4 protein chains.
Amino acid sequence: MSSPIRVTVWNEYRHEKRSPAIAAIYPEGIHGTLAAALSKHPDMAVRTATLDEPEHGLTDEVLAATDVMLWWGHCAHGEVSDAVVAKVRRRVLEGMGLVVLHSGHYSKIFKALMGTTCSLCWREVGEQEVLWVADPSHPIAEGIGTCIILPNTEMYGEPFGIPVPEEQVFISSFAGGEVFRSGNVWRRGAGRIFYFRPGHESYPIFHNEQVLRVITNAVRYCRPTAAPVADKAPNVPMGWFRKG
Amino acid sequence: MSSPIRVTVWNEYRHEKRSPAIAAIYPEGIHGTLAAALSKHPDMAVRTATLDEPEHGLTDEVLAATDVMLWWGHCAHGEVSDAVVAKVRRRVLEGMGLVVLHSGHYSKIFKALMGTTCSLCWREVGEQEVLWVADPSHPIAEGIGTCIILPNTEMYGEPFGIPVPEEQVFISSFAGGEVFRSGNVWRRGAGRIFYFRPGHESYPIFHNEQVLRVITNAVRYCRPTAAPVADKAPNVPMGWFRKG
Amino acid sequence: MSSPIRVTVWNEYRHEKRSPAIAAIYPEGIHGTLAAALSKHPDMAVRTATLDEPEHGLTDEVLAATDVMLWWGHCAHGEVSDAVVAKVRRRVLEGMGLVVLHSGHYSKIFKALMGTTCSLCWREVGEQEVLWVADPSHPIAEGIGTCIILPNTEMYGEPFGIPVPEEQVFISSFAGGEVFRSGNVWRRGAGRIFYFRPGHESYPIFHNEQVLRVITNAVRYCRPTAAPVADKAPNVPMGWFRKG
Amino acid sequence: MSSPIRVTVWNEYRHEKRSPAIAAIYPEGIHGTLAAALSKHPDMAVRTATLDEPEHGLTDEVLAATDVMLWWGHCAHGEVSDAVVAKVRRRVLEGMGLVVLHSGHYSKIFKALMGTTCSLCWREVGEQEVLWVADPSHPIAEGIGTCIILPNTEMYGEPFGIPVPEEQVFISSFAGGEVFRSGNVWRRGAGRIFYFRPGHESYPIFHNEQVLRVITNAVRYCRPTAAPVADKAPNVPMGWFRKG
């Protein structure tokens with residue numbers, strides 16, 4: 001049997017500490033809720049890390065022992081250390097999977113990997129979102145069926161400032177009429193990156209079974225497919241690749 | 001000054017002949033309406049062709065003299081000759097642009113170039129469509145602004161059975177909540193292909209100024225960027241490419 | 001434990017019957033050699049099919065029971081029935097993997113799925129090919145290292161008339177100086193397609209351990225990721241997707 | 001008549017000042033050679049900028065007045081100010097074209113836009129490179145024919161640590177047998193980016209007429225297709241997009 005997927009759930013963990021309303025939804029933090037859900041699956045070994053821990057909880061040891069990282073941040077992107085971002089980025093390029101959630105679109109790590117603005121338009125009135133499955137055979141959509149309906153969400157609308165997705169899993173519509181590419185896959189180096197839109201701190205999105213199903217599928221999809229690929233730029237002599 | 005873009009507007013032209021209601025919207029056929037609109041631009045030389053003409057109006061001479069073809073079909077895709085489709089396909093691969101409109105998603109030529117089912121779900125209740133510009137700098141969206149609102153349309157919904165678009169210009173939402181990739185670019189061989197969703201025969205979509213603006217932009221975007229590239233598979237000797 | 005991958009190795013099987021020299025290399029046909037190699041892996045259940053069998057060996061039963069198909073053809077592409085090609089294409093779009101080998105670039109099925117000419121330039125003087133791994137973390141390159149060196153091959157050179165590959169696994173150079181995109185992945189519908197260049201009938205390419213390793217990897221990579229996705233274009237009422 | 005393309009040729013300009021051998025090849029700097037070649041075309045208005053000028057010659061005024069930037073750097077990538085890189089990156093995302101030459105693959109600006117390592121293997125023995133045209137109809141290959149042969153070059157070999165190119169214009173082979181994706185297009189935000197491999201400081205590559213032809217074509221191809229698209233993330237009310 002193969003070894004479990006080592007998952008690190010990273011959370012900014014500020015809203016939950018400051019707002020009783022948000023703490024009521026996520027009493028152990030968004031990371032706690034996600035970790036508890038993923039830990040139900042025997043093929044996953046889950047830990048968490050948060051902004052206010054030393055090195056944001058992302059020491060070299062933790063990074064080396066992570067197969068897939070989840071990233072949730074919102075109000076404190078700017079407080080994330082550039083050095084830590086550089087390390088996470090290197091690990092993605094070596095093969096670590098990265099699942100970026102909701103407001104993580106504006107995180108340093110996502111912008112560093114995309115190279116683009118990652119901007120969008122938005123509105124917070126608690127309107128309905130329908131996430132349509134655009135690619136029914138995609139492993140990340142396994143078990144979802146036609147769509148996911150979320151009754152109350154923050155709206156994110158196009159244009160979304162990203163490179164054209166390599167795999168288009170979900171596209172959302174909102175009650176107000178906007179649309180959004182809400183489940184997108186890219187490969188960067190040896191790592192797979194999945195951006196998934198749902199997840200505002202003031203709604204119980206991460207208690208939704210279908211949302212958790214997608215995140216679970218995404219962790220499996222983004223697990224490394226090879227041993228870590230170290231970055232190198234060797235100076236090679238003529239004929240170096242020939243055997244014998 | 002560069003020579004005009006030679007446009008051929010192809011239309012199945014059956015609904016307009018059979019239905020007085022549709023003929024009232026498009027008295028000279030959908031092709032006539034589109035040709036009249038494009039002909040207003042001095043950089044375009046426009047002709048039309050229809051299914052019931054000999055060779056569907058697409059003789060070798062017409063094909064050789066076409067830079068960009070528009071394709072509208074709906075109820076008679078099966079009557080289009082395979083031989084004509086093969087010729088149109090070859091011209092696209094040589095560099096001719098192709099703009100496929102609405103129900104043309106199920107045309108033989110579009111399916112032959114995509115290789116996929118090109119299926120979708122649909123509903124005809126005259127609901128509102130909003131076409132969002134997902135790529136504001138794209139030449140096909142020039143002059144459109146944020147979106148196009150069409151008050152009454154047939155609905156097309158995801159999943160749309162296409163290869164992942166190379167350029168994503170528009171994404172639509174519908175009053176009923178569905179979404180659709182409604183303006184998509186692919187390159188096949190030397191030819192650019194643009195699929196544009198609006199256009200049902202029973203609505204005056206092709207009289208909408210913004211829709212016509214997009215089609216005009218698309219003709220310019222899909223014009224050939226090089227002399228026709230003939231298909232060949234030469235047997236070449238060692239060193240054939242070295243000069244002198 | 002998961003069930004084995006059901007592999008069907010399809011071979012034109014004409015050269016081997018006509019040429020003693022080729023029969024000496026592949027006494028049981030190219031399909032026999034490939035099937036024997038794949039059958040060594042307990043996760044694969046392998047059968048073969050050839051052009052001169054009824055329905056080319058690809059009955060509805062065989063197609064329904066195939067997870068991944070290998071395709072090798074060369075001198076008799078034109079004899080493959082359009083009806084069989086249509087069935088194979090439908091199965092790929094439903095999720096069946098397809099691994100197209102060497103001269104299969106000009107097969108009806110590959111051209112139907114790509115939509116392009118699939119042309120290239122070529123030369124048969126038995127020169128050396130080096131297949132470079134362009135994507136070291138790709139599962140199809142697992143175990144290959146830096147490159148594969150084939151001492152005697154037919155040359156295929158760019159331009160290769162294909163859509164831009166979605167994943168670029170191998171790029172070849174030849175002793176004569178030409179280059180070729182020699183290991184390319186696309187998704188069409190629910191199916192993954194891998195084109196792999198090596199494999200001329202007059203060289204013992206399919207006895208090369210690294211070539212067989214790549215083909216084995218490709219079978220695993222292209223296995224279906226979901227239950228077959230049937231083609232459909234439903235007419236849906238307003239609100240059909242809402243539960244309850 | 002349309003206004004000229006405003007080109008800024010940026011050069012690190014260190015090798016030429018330190019090495020008499022390199023200064024003999026590029027007496028006015030690589031930037032001077034490139035600017036002189038581009039200035040022959042009446043549709044281009046060319047200026048230059050170099051590392052040791054204030055703000056590396058890339059003031060806000062210069063950036064705002066640049067349609068397409070060429071970037072050549074090699075030994076001093078680390079000396080380029082992060083603030084200037086951030087400004088150039090923003091201009092690319094707004095629509096400015098960027099043509100990255102040779103060792104510019106390791107520049108801060110290219111890595112920031114790609115998000116990947118941009119690593120490769122290399123060798124400097126003055127071997128022959130053949131740049132094959134993989135996409136004969138591409139505007140950047142206009143006038144090139146089959147290939148470009150450069151008798152003496154530094155070698156760059158795969159794997160090249162880049163996102164999969166959106167358009168694959170050139171692929172190179174080297175005398176030593178290596179291959180390289182040597183002419184690649186991506187879109188990031190509103191800007192087009194072209195990476196072009198030739199160009200080592202110790203060879204007269206930028207005096208080669210075909211290389212200059214490609215660079216000239218690339219400038220035209222990467223010119224902005226729209227007015228600059230400012231980055232924004234507006235908070236929008238319900239129904240904001242509806243007219244009247």
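These legends accompany several close-up views of a predicted model.

**View 1. The fold of chain A, with its helices and strands.** Let us start with a single chain. Chain A is built from seven helices and nine strands. Its radius of gyration is 18 Å, close to the 18 Å that the globule rule gives for 244 residues, so chain A is as compact as a globular protein of that length. Laid along its principal axes, the C-alpha trace of chain A spans about 65 × 40 × 40 Å.

**View 2. The inside of chain A.** Here we look at how the residues of this chain pack. Of the 244 residues in chain A, 59% are buried.

**View 3. Where chain D touches chain A.** In this view, 28 residues of chain D are in contact with 28 residues of chain A. On the chain D side, helix 6 (108-114) and strand 5 (121-133) each supply at least two residues. Strand 5 of chain D gives the most to that side, with four residues. Sorted by class, the side of chain D that touches chain A holds 14 nonpolar, 10 polar and four charged residues.

**View 4. The axis that relates chain D to chain A.** A rotation of 180 degrees, with 0.0 Å of shift along its axis, superposes chain D on chain A with an RMSD of 0.0 Å. To find the axis in chain D, look for D:Gly115: its C-alpha is the one nearest the axis in that chain, 2.8 Å away. The two sides of this contact can also be compared: 100% of the interface residues of chain D are also interface residues in chain A, so the copies meet through the same surface.

**View 5. The axis that relates chain C to chain D.** Now we move to another pair of copies. Chain C can be laid on chain D by a turn of 180 degrees and a shift of 0.0 Å along the axis, and the RMSD is 0.0 Å. The two copies are thus related as by a two-fold rotation axis. The landmark in chain C is C:Ser173, whose C-alpha is the nearest to the axis in that chain, at 3.1 Å.

**View 6. The surface shared by chains C and D.** Which share of the interface residues of chain C are also interface residues in chain D? The figure is 94%, so these copies meet through the same surface.

Note on methods:
Residues numbered from 1 in each chain as written. Chains lettered and ligands numbered in written order. Predicted model: local features only at pLDDT ≥ 70, side-chain atom pairs only at ≥ 80, totals over all residues. Least-squares fit on C-alpha atoms with pLDDT ≥ 70 in both. Contact = placed C-beta atoms within 7 Å. Rg over C-alpha atoms; globule rule 2.2 N^0.38 Å. Buried ≥ 20, exposed ≤ 12 C-beta atoms within 10 Å, placed from the backbone. Nonpolar A, V, L, I, M, F, W, Y, C, P; charged D, E, K, R; others polar.
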